[in-house]
Amino acid sequence: MQGLASFDRWLTRRSPRTSSAARTGRPADLASDAQPAQASPLSFPTRPVAARQHLLSPQGQLQATLPRSATPAQILRAALGLQASDWCGVLADEGQGHGLQQAWRLALLRPAAASGLQWLSEPVWARPGQRPAALLQAAQRQAVQALWQQGWRLRDVELALELH
């Protein structure tokens with residue numbers, strides 16, 4: 001019985017991948033002749049520093065801190081202060097159309113506010129059947145361009161070494 005218990009312990013300590021230890025019959029932690037890596041007494045734990053940017057309103061007020069690789073959707077959410085109850089998506093602008101081309105615009109509807117429908121982008125021209133995701137991305141890019149024209153801007157965050 002004792003031999004079976006030690007065999008179970010040996011099985012649970014063994015690494016899941018097949019190694020030379022499995023072939024030689026030794027546990028994986030004893031099969032390696034290499035010494036375990038020791039941490040230097042002067043080493044500090046390092047975290048990757050993610051480049052961040054501040055989104056500033058036209059008045060120069062800080063609205064949000066975004067990653068450097070922020071998508072147009074993230075920029076719009078931060079600039080407009082979108083809530084979970086808000087709807088932001090692409091709608092056809094029925095007042096515009098040229099033959100088979102239809103004008104699509106990014107729209108915002110806030111049920112909490114009685115402001116109604118708000119157009120966020122200039123028309124994006126597309127034919128019926130165009131991929132909705134591509135249409136949405138194009139409309140979001142147009143809306144972000146409109147934000148830049150209104151005076152919104154992104155500014156890089158200064159990186160500082162913080163010691164605790």
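How many residues lie between S1 and S2 in their hairpin? The hairpin has five residues between the two strands. This model is predicted.

- Strand S1 spans residues 52-56, and four of its five residues are buried, so S1 is largely enclosed by the rest of the structure.
- Strand S2 covers residues 62-67.
- S1 and S2 run antiparallel and are joined by five bridges.
- His54 has Thr65 in S2 as its bridge partner.
- In the turn of the hairpin sits Gly60, with a positive phi of about 90°.

**S1 and its pairing with S7**
- S1 also pairs with strand S7, residues 153-156.
- Four bridges link S1 and S7, again in the antiparallel sense.
- Opposite Leu56 stands Arg153 in S7.

**Helices H4 and H5**
- Helix H4 is made of residues 72-80, and helix H5 of residues 132-150.
- The two helices pack at an angle of about 50°, and their axes are 9 Å apart.
- That angle makes H4 oblique to H5.
- The crossing of H4 past H5 is left-handed.
- H4 makes the contact through Pro72, Ala73, Ile75, Leu76 and Ala79.
- H5 contributes Gln140, Arg141, Ala143, Val144, Leu147 and Trp148.
- Of the residues in this contact between H4 and H5, nine are nonpolar, one is polar and one is charged.

Conventions: Residues numbered from 1 in each chain as written. Predicted model: local features only at pLDDT ≥ 70, side-chain atom pairs only at ≥ 80, totals over all residues. Heavy atoms only, no water. Axes fitted to C-alpha atoms, helices over the stretch in contact; angles between N-to-C directions. Parallel < 35°, antiparallel > 145°, perpendicular 65-115°, else oblique. Left-handed = near helix turned anticlockwise from the far one by under 90°. Contact = heavy atoms within 4.5 Å. Nonpolar A, V, L, I, M, F, W, Y, C, P; charged D, E, K, R; others polar. Buried < 20%, exposed > 50% of the residue type's maximum accessible area, 1.4 Å probe, protein only. Pairing = 2+ DSSP bridges.
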